[in-house]
Amino acid sequence: MIRRYTKLIVYSLILSGLLAVPLSATAQELTREERLKVLEALKAEDAKTNISTVGIIDNMPMEIEQMELPPLSVFLDAVIENATVKRAQSQVEQVKNQYRLQKRDWWNYFRLNGNYSYGRYNVIGNASDEFTPAYQTTMKNAQHNFNVGASVGVSLGDLFNRPLKLKDYRYQIEQLQYTQDEVMEQRRLKILEAYNTVTEQLATIKAKAESAALYNAQMKISENDFIQGSISIIALSLERARRSGAVVSYEQARVSLHNSIVLLEMLTNVKIIKDK
């Protein structure tokens, strides 16, 4: 869409330059005043084009193409701070905790019991018969009574299934660790791809910036030659088209680089673009 828009701009510039003078004068030598008017009209078109193309990158730092990326290891080490990786690590720790509890489950086979009491007790006599009714006596003094005991109860099902249960937990831990490694590997691959993209774009944008600067310098020379009558309006328009293409290519590269850097920041939580 931007390329098509650029072509339309170039065509409009050429047509505006041609229509700025009479048709009979395009094949003849233009006066200096006419050339200045044509150049002013073209610069007016440039001002409108600059607003349309540069306005989309106003919030982008100008030194973005000159920044230096931290080493790749910084971004790869930051993968453990990712929420997906942390969730996988938490699942591993959860099952490990359940495994430790299962290993201590054998303590449930043992039981300790005890009780304590203090006070006076009533005793019902057991020497009564049909002639002697039952009687009840109460101890004169309060007494302390307590007992302590222990018991062992082992379920045969738990006893024989215990090794299998422990092995099942070990398998779960092993599978979750593999899942954690897989998540970290996939995250690192995404980071590596984003890092390579930013590195490649940083290398190409410098060449595009130099190309745009050269075309801007050449454009000033061509405008001066046009004023002096050394080149025709067609040659000037073609030169301006080349300059416009270089500038638009550079701006597109800056936008792509900015988006790639933002993606790398989101993947790693490592700040690259410093806030103003």
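Visitor: Which residues touch the most other members in the largest nonpolar core?
Guide: In this predicted model, the residues of the largest nonpolar core that touch the most other members are Phe75, Val198, Ile261, Leu264 and Ile272, and the core holds 24 residues.

Visitor: And which elements give two or more residues to this core?
Guide: Those elements are α5 and α6, the latter covering residues 233-268, and it is α5 that gives the most, with nine residues.

Visitor: What lies apart from it?
Guide: Apart from that core lies another one, made of eight residues, and among them are Val38, Leu39, Leu42 and Ile233.

Visitor: OK, surface now. Which residues form the nonpolar patch there?
Guide: The patch is formed by Trp106, Trp107, Phe110, Val152, Val154, Leu156, Leu159 and Phe160, which together have about 870 Å² of accessible area. Helix α5, residues 156-228, supplies the largest share of the patch, namely three residues.

Visitor: Where does Trp106 lie?
Guide: Trp106 lies in the loop between α4, residues 83-103, and β1, residues 110-119. Its relative accessible area is 34%, so Trp106 counts as partly exposed.

Visitor: Switching topic: where is confidence lowest, and where is it highest?
Guide: Confidence is lowest in helix α1, residues 2-19, with a mean of 43, and highest in α4, at 89. For the protein chain the mean pLDDT is 76, and 73% of its residues reach 70 or more.

Visitor: Over which residues does pLDDT stay under 50?
Guide: One such stretch is residues 1-28, for which the model has 28 contacts beyond four places in sequence. Residues 51-60 also stay under 50, and for them the model has 11 contacts beyond four places in sequence.

Technical notes
Residues numbered from 1 in each chain as written. Predicted model: local features only at pLDDT ≥ 70, side-chain atom pairs only at ≥ 80, totals over all residues. Heavy atoms only, no water. Patch = residues over 30% accessible without salt bridge, like charges linked within 9 Å, V, L, I, M, F, W, Y side chains within 5 Å. Areas by Shrake-Rupley, 256 points an atom, 1.4 Å probe, with all protein chains shown as cover. Salt bridge = Lys/Arg side-chain N within 4 Å of Asp/Glu carboxyl O. Helix = DSSP H or I, 4+ residues; strand = E, 2+ residues; numbered from the N terminus. Buried < 20%, exposed > 50% of the residue type's maximum accessible area, 1.4 Å probe, protein only. pLDDT = per-residue confidence, 0-100. Contact = heavy atoms within 4.5 Å. Core = buried A, V, L, I, M, F, W, Y, C linked by side-chain atoms within 4.5 Å.
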